[in-house]
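Colleague: I am new to this structure and would like to go through it with you. Could you show it to me?

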Amino acid sequence: MSDDDNSPISARAAKQLFAELKSSPALVLAVSGGPDSVALMWLAARWRRSLSRGPQLTVVTVDHGLRPEAAHEAREVKQLATELGLTHRTLRWRGVKPKRGLPAAAREARYRLLAQAARKAGASHVLTAHTRDDQAETLLMRLVRGSGLAGLSAMARRTERDGIVLARPLLDVPKSQLVATLKRAKIGFADDPTNRDTAFTRPRLRALLPQLAMEGGDARTLARLAVRLSRANAAVEVLVDGAERFLQLRARGDAPQAGSRRYEASAFAALPEEVRLRLLLRAVNALGHEGPAELGKVETLMAALDQAIAAGPAGAARGRAILKQTLAGALISLTGGRIHITPAPARRSKGTCKGT
């Protein structure tokens, strides 16, 4: 770790972190009370005070109702926000909490509530305090789960969700530097014990980072890898865009019905494997009605398609479907030398009875 990683963030550096947000009408800051988000709030407030005109800042704390300390932490955030001259709101995740997949469900609820708060405040962006350390941990989590290139690109500096831009201005900043910033400013912060709870995947992988760092795989290196993979992923997406236009031109005069996609099988088969995979994934996610398709299942579908295209001229000549499968609410078939993708018929519910 370099000396800079342990030094407080200067006022000049803070201005650079938030510079691209200067013209936004309003911003929501997601602040839980931990060191990263408290530093985000303090830095953003200092930056805003340096401007003669700038966005209205609203601090939002989401209480997931999972820890009794959370309500007290929200009050502490409100007190500090008030001292900094910022508006604060606490939002609560109500309802039954799932026993499995709790971190993912809590994350979905948090982003949903933050987006609602942003719309109410007239904010164009929600700012989160994800750091370089979080980026490294996310890369490791996706790596051990076997994610593809898009997943290994980890977190982007800006993404859109529910019509609101999620911005991560601290994504290149190490957590240690944020802690140093708060210590110099004599600002306290909460310690969430779930960040060390090895019942969850992220804390277990976080515990491995010191050992990886000894081999050269520190957070800086892992975050740099995520950036490089993101760059490669963006290049592949450009190729997929071009391939999609190419297939549309090949299908001119053979236009699919509205709400469907159709590809010439031989032209599709000639494309690189990763491009074919992403074309299928796009089509299934666009036309299916059962949520995003799993990458592994799309890979299985593509293998079946490749095999059917290679072995199916005889069946195609007779006009029969030589492949017909459903995936994530989409129906994929190969007929007459064409790949057809349409929404699949709705599944019959278990409670439905046949008429007599």
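Modeller: One definition is needed at the outset: two strands count as paired if DSSP finds at least two bridges between them. Please also keep in mind that this is a predicted model.

Colleague: Which strands do four bridges join, then?

Modeller: Strand β5 (residues 158–161) and strand β6 (residues 164–167) are joined by four bridges, and the two run antiparallel. Thr 159 stands opposite Leu 166 in β6.

Colleague: How many residues lie between the strands of that hairpin?

Modeller: The hairpin of β5 and β6 has two residues between its strands, and Asp 162 takes a positive phi near 55° there. Asp 162 has this positive phi although it is not a glycine. Its place is in the loop between β5 and β6.

Colleague: Why does Asp 162 count as partly exposed?

Modeller: Its relative accessibility is 49%. Residues count as exposed over 50% and as buried under 20%, so Asp 162 falls in between.

Colleague: Which other residue has a positive phi of about 55° although it is not a glycine?

Modeller: Lys 186 has one. Lys 186 is found in the loop between α7 (175–185) and α8. With a relative accessible area of 76%, Lys 186 is exposed.

Colleague: Let us step back. How many helices and strands does the chain have?

Modeller: There are 14 helices and 10 strands in the chain. Its C-alpha atoms fill a box of roughly 80 × 55 × 45 Å along the principal axes. Of the 356 residues in the chain, 43% are buried.

Colleague: What share of the contacts comes from residues 24 or more positions apart?

Modeller: Such residues account for 69% of the contacts with a separation of 6 or more.

Colleague: Now a helix. What span does α5 reach from its first C-alpha to its last?

Modeller: Helix α5 (residues 132–144) has 13 residues and reaches 19 Å, which is close to the 18 Å expected at 1.5 Å a residue.

Colleague: What caps the N-terminal end of α5?

Modeller: Thr 131 is the cap, with a side-chain oxygen 3.2 Å from the backbone nitrogen of Asp 133. Just after α5, Gly 146 takes a positive phi of about 75°.

Colleague: Which residues in α5 are buried?

Modeller: Among them are Arg 132, Asp 134, Glu 137, Leu 139, Leu 140 and Met 141. The elements that cover the buried residues of α5 include α2 (35–49), α6 (149–152), α8 (201–206), α9 (209–214) and α10 (219–250).

Colleague: Which residues does Thr 201 touch?

Modeller: Thr 201 has its place in helix α8. Not counting residues up to four places away in sequence, Thr 201 touches Met 141 and Arg 145. Thr 201 and Glu 137 are 64 residues apart in sequence, and their C-alpha atoms are 9.8 Å apart in space.

Colleague: Is Thr 201 buried or partly exposed?

Modeller: Thr 201 is partly exposed, its relative accessible area being 26%. Thr 58, by contrast, is buried, at 9%.

Colleague: Where does Thr 58 lie?

Modeller: Thr 58 lies in strand β2 (residues 56–63). Apart from its neighbours within four places in sequence, Thr 58 is in contact with Leu 27, Val 28, Leu 29, Thr 87 and Ala 121.

Colleague: On to aromatic rings. How many aromatic pairs does the structure hold?

Modeller: It holds two aromatic pairs. In one of them, Tyr 263 and Phe 268 have ring centres 5.9 Å apart and planes at 5°, so this pair is stacked. Both Tyr 263 and Phe 268 are buried.

Colleague: Which ring does the charged end of Lys 97 sit over?

Modeller: The charged end of Lys 97 sits over the ring of Trp 93, 5.0 Å from its centre. Arg 110 lies over the face of Tyr 111, at 5.7 Å from the ring centre.

Colleague: How far apart in space are Arg 92 and Arg 110?

Modeller: They are 8.9 Å apart, C-alpha to C-alpha, and 18 residues apart in sequence. Arg 92 is found in strand β3 (residues 87–92). Leaving aside neighbours within four places in sequence, Arg 92 is in contact with Asp 63 and Leu 113. Arg 92 is partly exposed, with a relative accessible area of 42%.

Methods: Residues numbered from 1 in each chain as written. Predicted model: local features only at pLDDT ≥ 70, side-chain atom pairs only at ≥ 80, totals over all residues. Heavy atoms only, no water. Phe/Tyr/Trp six-rings, centres within 6.5 Å; stacked < 30°, edge-to-face > 60°. Buried < 20%, exposed > 50% of the residue type's maximum accessible area, 1.4 Å probe, protein only. Lys NZ or Arg CZ within 6 Å of the ring centre and 35° of its normal. Expected span 1.5 Å × (residues − 1). Contact = heavy atoms within 4.5 Å. Polar contact = N/O pair within 3.5 Å; in protein donor to acceptor, adjacent residues only side chain to side chain.
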